Amino acid sequence: MSQAPSPGDPLAGLPSQSEIAELILRGRPHRDTYAGWQHYRANRGRLVPPPLLTPGQWRSVPAARRTGYDLYRRMTNVNLPLQRTPMQEKVTRLIRRRLNGNTLKQDDPTLAGIMVSGWGNYGKTATVCSAVAAFEDQWLQLHDFLIPGAVAGTVDLHAPVVYVSTPVTATPKSTCVSILNFFRADFRRSATLPELVRLVADSLRDHGVKVLVLDDISRLRMHRADDQDVLDLIRAFMSLDVTLILTGVNIPATGLLREAKWDKATAQWVMPQLESTRIHGLEVTQTEHRFELVELDRFRYITDDQIRAFLNHLRGIEVHLRLLNAKKGMLTDGVMPEYLMRRTGGVVGLLGRLIEDGAQEAMDSGREVLDEDLLDEIVLRRDDMTEAPDEPVLPATPPSSRRPSRAKRRPRNTVFDDRGPLAAEDRTG
């Protein structure tokens, strides 16, 4: 929450310009390392907006402090808070329920996991990371920040949550290396796959890991043998007393769970029966049976509840912004909600980008307010995937393979052809 400016000093409590510069220039470790994840967990949502000044109060501030104030509110305007939305709450509730249940299990050899799917800019990574970070806060407090059952004298880091990104060209070895690199673990580069898998299992156990988040899992494509091997490796991880949470763009279309279909009644993805089940009477594979696939949706603007949820989100953004000429209802009055919905399609990431870019333009131009005329100047690229339909659509079945037709050959040059005596007489006649 912002601090109310005091009558004597409207910027009382504001960090100094050097402190603000240090906050901006200070490097952040990558989230896919232990240090980076702990930095994210400890600092998420801690940016406190500066006091909200009127244009008159701003002009009364000394020039030096005014520069620092403008820099700090610019940083505030481009770091919109992660808000609770119906879509985010749906995913968060599932993660919370699954983690609470899995951590209480005693004899289950394989823990159920979660797959979070959605189109680009829907906030999948932000939602999952926020939910598992909150779980880690509670888990650490529950065990007094110690690993339950830790051996006396050891110095293993307690890491209830591990966050890694699926390698671009994933192989079982590179996936294991990504997990080991999270802990900066020492291992031989020439280690065999069984050795790496054993090291990963030992690291997950020794560090007290309860959640393993594999982001960008949609990089896997089941037509590649290496990617199929990575999926087999993921199946092996499910038996290590760790809850797996996989996130990716349009997971049903990747083949990880075969050609899933969207069920209107349950608003969830449903996996059809395996061919092996029809032929051999076998049960579905452990991967499909143990993972629950949840779809992270965008904002809608049809029913009263959907409109109310979108307006509440806009109010949260409006309260956070720091523009000198901003007024209450800047984003929620008149036709502005419909305008923002039309520009962004209700996609959280695109909405945030439009507002953030618009706030910078408002400060640079001196207008210090967001309106349709200003936002019209912001170019916002939207591809076909942004225009997500009411029901998620899988890519169409590729056409049957046919031999491509040969390219039409260029005609042969006949200028120097000998057309015979008759042709010669015609030319000279």
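A: The answer below starts with the basis of the values, then takes the helix, then the chain around it.

This is a predicted model, in which local features need pLDDT of at least 70 and side-chain atom pairs count only at pLDDT 80 or more, while totals for chains, interfaces and linings use all residues. Residues are numbered from 1 along each chain as its sequence is written, and side-chain values use heavy atoms, with hydrogens and water left out.

Helix H9 covers residues 225-237; helices (H or I, at least four residues) and strands (E, at least two) are DSSP runs numbered from the N terminus. From first to last C-alpha, the 13 residues of H9 reach 19 Å, close to the expected 18 Å, where the expected span is 1.5 Å times one less than the number of residues. Asp227, Val230, Leu231, Leu233, Ile234 and Phe237 are the buried residues of H9; buried means under 20% relative accessible area with a 1.4 Å probe, protein chains only. These residues lie on the same side of H9 because they cover an arc of only 155° around the axis, taken from the directions from the helix axis to the C-beta atoms. An α-helix has 3.6 residues a turn, so residues three or four places apart point the same way.

The protein chain has 16 helices and 7 strands, and 41% of its 429 residues count as buried. Among contacts (heavy atoms within 4.5 Å) between residues at least 6 apart in sequence, 72% join residues at least 24 apart.

Note on methods
Buried means under 20% relative accessible area, exposed over 50%, partly exposed in between (1.4 Å probe, protein chains only).
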